[in-house]
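Subject: Structure for your attention: cavities and salt bridges

Dear colleague,

Please find below the structure that I am handing over to you. My notes on its cavities and salt bridges follow.

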Amino acid sequence: MLALMIDRARVDHVARLARLELTDEESERMVRELSSILEHIERITNLDLADVPPTSHVVDLTNVLRPDEPRPCLPREAALAQAPDATEDGFRVPSPSA
Amino acid sequence: MTPLDLSAAAAAERVRAGDLDAGELWELYRGRAAADDLGAFVWVAEERPGNPTDGPLGGVPVAVKDLFCTAGVPSQAGSKILEGYRPPYTATAVERLTGAGAPLLAKTNQDEFAMGSSNENSAFGPVRNPWDRERVPGGSSGGSAAAVAAGLAPWAIGTDTGGSIRQPASLCGIVGLKPTYGAISRYGMIAFASSLDQAGPLTRDVADAALLLSAMVGKDPCDSTSLGLPEPVTEPTATDLRGVRLGVPEEVFETEGVESGVLAAFEATVELARQLGATVERCHLPHAPHALSAYYLIAPAEASSNLARYDGVRYGLRVNGDADLLTMYLRTRGAGFGPEVKRRIMLGTYALSSGYYDAYYGTAQKVRTLISDDFRAAWERFDFVVTPTSPTVAFPLGAKTADPLAMYLNDYFTVPMSLAGIPAISIPNGLSERLPTGFQLAGPAFSENRLLDAAHALERAIGFDGSAARA
């Protein structure tokens with residue numbers, strides 16, 4: 001059973017992948033809750049699905065195209081207006097090694 | 001009869017005929033919305049917008065779920081991480097409604113990023129059910145459902161990813177329609193699970209749902225998965241079900257956790273359908289019992305990817321901007337997301353992570369195929385499949401917050417249709433223990449007109465009276 005492999009180390013690893021800071025208490029709760037949810041969900045891994053194609057999307061459309069014509073886009077000021085920190089021409093972010 | 005007693009379509013009709021003043025109607029509902037004590041709204045308009053009232057929606061104001069972007073108006077999807085966000089543009093669905101003559105009355109409360117079945121996951125606090133204020137309105141479109149049921153808004157829109165329109169409509173005693181995937185543009189809808197998300201109406205009756213739907217459907221160059229509907233939405237007028245074939249899935253009766261009152265109300269309406277001329281037979285959706293498992297892998301997987309954009313850079317909350325970049329990301333997301341959203345991001349990230357992708361996400365996508373196949377087989381014998389909408393009536397606030405899995409089981413009857421991308425409607429189906437129950441009809445893709453007609457005939461025969469919730 002895959003769910004049995006949910007332990008604190010795995011939770012910490014996944015949280016790091018998801019760029020999510022969890023408190024100690026949150027991580028401990030996550031171990032319990034994810035295990036119980038996955039235990040229920042894992043019933044589907046017992047189904048015989050060998051010849052079944054996957055469905056990623058229900059809409060039967062491929063390559064929806066439009067003419068490649070220039071048109072006005074969002075003005076820069078509007079795009080930057082909601083940023084927590086912006087310069088005149090871009091989003092400002094902390095240095096990776098500050 | 002006061003304007004409050006009128007359905008939205010009837011009010012629109014009177015405005016167009018000159019028997020009702022659109023300004024007075026606005027003031028009536030603006031006043032009621034501003035006095036809301038259910039927690040249904042997160043923002044209420046101060047003044048009547050200047051958009052035209054001579055369109056088909058007749059100036060009847062509309063309430064819109066918080067996760068629709070509305071230019072210059074707060075749009076947070078019920079989340080703290082979008083604190084203070086005022087989008088630079090408006091969602092296509094909302095644009096179409098205001099263009100058709102429905103001014104924006106208010107933004108409604110919801111579960112954060114539409115993740116929840118009780119509206120208790122909102123950064124703005126819970127919503128109360130107007131039938132019993134100690135109970136939940138359902139979710140995630142709980143604010144929209146409570147507002148319409150309580151007469152704080154004539155009609156509203158919400159979004160449905162796994163039941164988020166139909167389940168709260170059921171728990172609040174109103175009509176909720178999830179259209180065929182792609183019928184309405186998703187442009188400007190803050191994304192949860194993109195292969196499942198679909199906007200739709202929450203209304204007092206079926207005719208209102210049809211009218212509101214008719215104004216929203218259509219292809220949109222801004223959403224390449226939008227298709228519109230093959231024919232215009234028509235006003236539902238059917239009064240009987242002659243020639244209609246209804247399938248009742250065996251699985252409804254093999255499921256634990258369906259309340260006896262809900263089941264009794266369901267069976268009574270199936271009998272009513274028979275009296276209206278429908279042929280009713282049992283059918284099988286053999287993979288439906290696995291839909292919930294597939295859904296709780298696919299939806300979190302897509303969500304974990306969609307919600308990666310909340311990183312404290314372009315909008316919303318930023319925490320520890322003076323630290324290094326990674327710390328800023330971690331703290332912003334740790335502080336900005338609530339517990340359920342974190343749980344789903346973790347579940348989705350795990351399901352997509354190296355070594356587990358095939359076992360979880362790949363398997364779920366195959367089960368999704370089987371569920372679509374089940375419905376396709378059903379359409380060879382039946383026009384519609386019918387089930388209860390929710391296994392239970394509205395439950396007390398706090399009753400399920402400690403057990404995420406118990407909360408997920410609320411979506412048992414609504415998730416299969418979402419995975420198959422087919423339309424489904426919930427109509428009020430009488431009371432059980434003085435609380436509303438819902439009756440769900442689902443049909444093949446693009447069968448909206450027939451579905452609304454059948455729902456209309458049943459609604460008329462059921463004769464549900466929702467006025468007590470508006471008192």
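The structure holds three cavities of 30 Å³ or more. A cavity here is a set of points, on a 1 Å grid over the protein atoms alone, where a 1.4 Å probe fits but cannot get out; lining residues have an atom within 4 Å of a point. Grid points are joined across faces, edges and corners, and a volume is the space filled by probe spheres set on the points.

This is a predicted model, in which local features need pLDDT of at least 70 and side-chain atom pairs count only at pLDDT 80 or more, while totals for chains, interfaces and linings use all residues. Residues are numbered from 1 along each chain as its sequence is written, chains are lettered from A and ligands numbered from 1 in the order in which they are written, and side-chain values use heavy atoms, with hydrogens and water left out.

Cavities

The largest cavity has a volume of about 90 Å³. Its lining includes P249(B), E251(B), L285(B), F375(B), T387(B), Y412(B) and M417(B). By class, the lining of the largest cavity comprises nine nonpolar residues, one polar and one charged. Nonpolar covers Ala, Val, Leu, Ile, Met, Phe, Trp, Tyr, Cys and Pro, charged covers Asp, Glu, Lys and Arg, and the others, Gly among them, are polar.

The second largest cavity contains about 70 Å³ of space. Of its 13 lining residues, A114(B), G116(B), S164(B), Y295(B) and D411(B) lie nearest its centre. The lining of the second largest cavity divides into five nonpolar, six polar and two charged residues.

Salt bridges

Over all chains, 26 salt bridges are found, each being a side-chain nitrogen of Lys or Arg within 4 Å of a carboxyl oxygen of Asp or Glu. One of them pairs E21(A) with R331(B), with the closest N and O atoms 3.2 Å apart. E21(A) lies in the loop between α1 (8-17) and α2 (24-41) of chain A and R331(B) in helix α9 (residues 325-336) of chain B, so the pair joins two chains. Helices (H or I, at least four residues) are DSSP runs, numbered from the N terminus. E21(A) is partly exposed at 34% relative accessibility, and R331(B) is partly exposed at 32%. Partly exposed lies between buried (under 20% relative accessible area) and exposed (over 50%), with a 1.4 Å probe and protein chains only.

In E134(B) and R128(B), the closest N and O atoms are 3.7 Å apart; E134(B) is exposed at 52%. A network of salt bridges links R29(A), E33(A), E340(B), R343(B) and R344(B).

With kind regards

Terms used: 1 Å grid on protein atoms, 1.4 Å probe; cavity = no way out; pocket = protein on both sides within 12 Å on 5 of 7 lines; lining within 4 Å.
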